[in-house]
Amino acid sequence: MEKAFRNEYDPTFLFSTRNLEAPDPEHKEKWLKLRRYEYYQRNKKSVNLYGTISPDMLMSKEEVEEIKKYLSKKDLERKTYIDGVKTKNDMSKVLSKK
């Protein structure tokens with residue numbers, strides 16, 4: 001799950017220079033909480049039999065909705081920021097070839 005977050009919201013592998021700011025730790029924490037919750041909802045039977053249930057997996061519907069609202073805003077902000085950095089890097093490459 002950590003790697004999935006990094007690939008989506010901290011894709012430093014896309015950039016030749018390290019000019020991408022790190023994602024907000026709260027964004028990552030809440031994203032992981034929701035992923036664990038969703039994982040549990042899809043795999044309750046197996047987790048109950050063979051796994052460990054974390055508090056994140058047992059969040060109330062209200063907590064889940066609150067996190068989803070937060071993430072819809074933060075996800076969009078982060079992706080917009082990444083696209084902006086990517087565009088700036090692409091423009092720098094084009095201009096440096098001239």
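Start by selecting Leu-20, which sits in the loop between H1 and H2. Helices here are DSSP runs of H or I with at least four residues, strands are runs of E with at least two, and both are numbered from the N terminus. Leu-20 counts as buried because its relative accessibility is 10%. Buried means under 20% relative accessible area, exposed over 50%, and partly exposed in between, with a 1.4 Å probe and protein chains only.

A word on the model. It is predicted, so local features need pLDDT of at least 70 and side-chain atom pairs count only at pLDDT 80 or more, while totals for chains, interfaces and linings use all residues. Residues are numbered from 1 along each chain as its sequence is written, and side-chain values use heavy atoms, leaving out hydrogens and water.

Next, select Glu-21, also in the loop between H1 and H2. Is Glu-21 buried or exposed? Glu-21 is exposed, at 54% relative accessible area. Glu-21 touches Asp-10, Arg-78 and Tyr-81, leaving aside residues up to four places away in sequence. Touching, or contact, means heavy atoms within 4.5 Å.

Zoom out to the whole chain. It has four helices and zero strands, in the order α-α-α-α from the N terminus. Of its 98 residues, 30% count as buried. Take the contacts with a separation of 6 or more: 65% of them join residues 24 or more positions apart.

Select residues 25–42, helix H2. H2 has 18 residues and spans 26 Å from first C-alpha to last, close to the 26 Å expected. The expected span is 1.5 Å times one less than the number of residues. At the start of H2, a side-chain oxygen of Asp-24 comes to within 3.0 Å of the backbone nitrogen of Glu-26. Buried residues in H2 include His-27, Lys-30 and Tyr-40.

Which residues make it up? They are Phe-5, Tyr-9, Trp-31, Leu-32, Leu-34, Tyr-37, Met-59, Val-64, Ile-67, Tyr-70 and Leu-71, eleven residues in all. Helices H1 (2–9), H2 and H4 (61–97) each give two or more residues to this core. A nonpolar core is a set of buried Ala, Val, Leu, Ile, Met, Phe, Trp, Tyr and Cys residues joined through side-chain atoms within 4.5 Å. In soluble globular proteins, nonpolar side chains tend to be buried together. Click Leu-71: leaving aside residues up to four places away in sequence, Leu-71 touches His-27, Lys-30, Trp-31, Leu-34 and Leu-76.

Stay with the rings. The structure holds three aromatic pairs. Phe-5 and Tyr-9 form a tilted one, 5.0 Å centre to centre with 35 degrees between the planes. Rings of Phe, Tyr and Trp (its six-membered ring) pair if their centres lie within 6.5 Å; planes under 30 degrees apart are stacked, over 60 edge-to-face, the rest tilted. Ring pairs link Phe-5, Tyr-9 and Trp-31 into a cluster.

Last stop: Asp-56, in the loop between helix H3 (44–50) and H4. Asp-56 is buried, at 14% relative accessible area. Its neighbours, leaving aside residues up to four places away in sequence, are Lys-33, Arg-36 and Tyr-37. The side chains of Asp-56 and Arg-36 make a polar contact at 2.6 Å. A polar contact is a pair of N or O atoms within 3.5 Å; within protein, one must be able to donate a hydrogen and the other to accept it, and residues adjacent in sequence count only if both atoms are side-chain atoms.
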